Amino acid sequence: MSGAGEQKSAGSPSQAAGEEWSPSSWQSREATQLPEWPDEDAAREVYRQLRTLPPLVFAGEARRLVRALGQVAAGQAFVLQAGDCAESFDDFSADSIRDKLKVILQMAVVLTYGSGVPVVKIGRIAGQFAKPRSSPVERVGEVEIPAFRGHIVNDDIPVPAARVPDPSRMLTAYHQSAATLNLLRAFTKGGFADLSQVHSWNQQFLASSAEGRRYEAIAEEIDRALRFMRACGVDLTSDSPIHQVDLFTSHEALLLGYEEAMTRQDSLTGDWYDCSAHFLWVGERTHQIEGAHVEFVTGVKNPLGCKLGPSTTPEKVLEICERLNPDRLPGRLTLISRMGAASVRSLLPPLVKAVKESGHPVAWQCDPMHGNTFVSESGRKTRHFDDVLGEIQGYFAVHRALGSWPGGVHVELTGDDVTECLGGIGDILEEQLPLRYTTACDPRLNARQSIDLAFRVAELLRE
Ligand code: PEP
Ligand code: CO
């Protein structure tokens with residue numbers, strides 16, 4: 001594993017914060033969305049333990065992702081960031097990790113083959129547990145209970161006792177992340193992600209569907225290309241890029257005590273890295289320029305993302321660029337717009353223009369999920385496939401019109417055959433939502449909808 005130097009622990013979350021950045025300097029800033037642990041001593045003990053545990057990712061890997069995203073910022077690569085809205089302690093198995101990876105690999109193949117552009121793959125996985133909430137409480141029948149904040153904080157069962165924040169959950173999240181990452185590393189480096197396996201990623205329930213067959217056709221073309229290369233004497237047996245893939249991990253840098261405790265100083269460079277994931281993003285609810293979340297991420301050298309919702313002004317975007325990437329390093333900053341299908345064509349252009357004029361090198365991504373969520377008649381949160389696709393189409397149109405590179409997409413999906421988002425190729429109807437609605441938080445595209453979306457995005461990339 002590259003760059004796995006000796007890595008020192010960050011200071012304690014209780015240490016005094018000065019003006020200078022330190023892993024704990026966020027503590028002197030205003031922080032929203034953080035839980036209040038009922039037992040502070042128990043939380044301190046958890047942070048102490050986390051600081052002694054091995055890093056989940058390494059500085060050298062994070063630097064490699066910065067370089068890859070630099071290619072995206074330069075218009076030479078596309079990024080696919082995908083995974084759960086919220087990972088779950090309950091739905092945790094080798095099969096579900098494998099199936100999610102399969103869908104991401106399939107989408108990446110469709111995008112790469114369809115567009116001829118390298119695809120940087122980032123999972124919302126192995127650490128995507130903490131959730132920001134629009135409301136601190138949730139109504140259950142006649143009573144109000146504290147909101148679910150992700151399994152790293154409390155439980156989703158709708159009873160008050162389950163919603164009490166429990167710091168020991170941070171250790172469970174760490175260990176689940178470590179086990180997930182271990183399996184992902186085995187799958188992506190140990191033969192499963194080999195391009196010669198391209199057929200085996202097509203799950204049975206997918207293979208018989210229209211988009212499954214469309215995928216099979218690409219897989220067959222890839223097989224033929226590999227056979228052709230072998231016949232020409234190209235040695236494909238040696239260690240080559242077709243045998244392994246890089247899948248980077250990411251999550252929202254929300255639960256700052258946890259992130260601080262996972263922050264280590266790289267012995268090679270002396271720089272600080274948040275070793276809980278390769279890529280960290282700041283969410284739409286926590287990107288206050290002077291706030292705690294922005295303060296924390298400014299000091300770690302991981303590649304960063306920042307969500308941009310409909311109320312974002314050009315001035316704000318430029319402040320974000322200056323604060324998160326003052327050195328203008330390509331690949332350091334990804335801006336993730338999530339405007340909604342109806343608004344993207346009017347709200348995104350001023351932001352893209354302002355960034356372009358400033359000369360800041362950013363990688364752009366479209367999150368077509370979070371601006372298109374609504375509550376269905378049956379009371380379930382959902383999204384319509386047409387809106388998801390519509391926002392991506394608008395995003396491409398805006399970037400194309402302004403001569404800017406539509407660098408990637410950021411989607412919530414699962415490898416399972418769930419019924420959480422409406423429409424799409426299987427045309428999921430409102431009354432079908434309850435059939436297999438299993439998400440711990442927001443509605444995800446199922447495997448068929450995800451592959452279909454990849455074909456649509458590949459078409460847009462080709463245009
Ligand atoms: C998310 O990505 O799950 C999320 C909560 O996004 P946003 O901050 O854009 O609402
Ligand atoms: Co979400």
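**Aromatic contacts in the predicted model**

Trp21 is partly exposed, with a relative accessible area of 22%; here buried means under 20% relative accessible area, exposed over 50% and partly exposed in between, using a 1.4 Å probe and protein chains only. This is a predicted model, in which local features need pLDDT of at least 70 and side-chain atom pairs count only at pLDDT 80 or more, while totals for chains, interfaces and linings use all residues. Residues are numbered from 1 along each chain as its sequence is written, and side-chain values use heavy atoms, leaving out hydrogens and water.

Searching the whole structure gives seven aromatic pairs. Rings of Phe, Tyr and Trp (its six-membered ring) pair if their centres lie within 6.5 Å, and planes under 30 degrees apart count as stacked, over 60 as edge-to-face and the rest as tilted. The pair of Trp21 and Phe296 is tilted because its planes stand at 45 degrees, with ring centres 6.5 Å apart. It links distant parts of the chain, 275 residues apart: Trp21 belongs to the loop between strand S1 (7–9) and helix H1 (40–52), and Phe296 to helix H8 (residues 292–298). Helices (H or I, at least four residues) and strands (E, at least two) are DSSP runs, numbered from the N terminus. Phe296 is buried, at a relative accessible area of 0%.

Phe78 and Trp405 make an edge-to-face pair, 6.5 Å centre to centre with 80 degrees between the planes. Since Phe78 lies in strand S2 (residues 78–83) and Trp405 in the loop between helix H11 (385–402) and strand S15 (408–412), the pair ties together parts 327 residues apart in sequence. Phe78 is buried, at 0% relative accessibility. Together, Phe78, Tyr395, Phe396 and Trp405 form one aromatic cluster.

Note on methods. Chains lettered and ligands numbered in written order.
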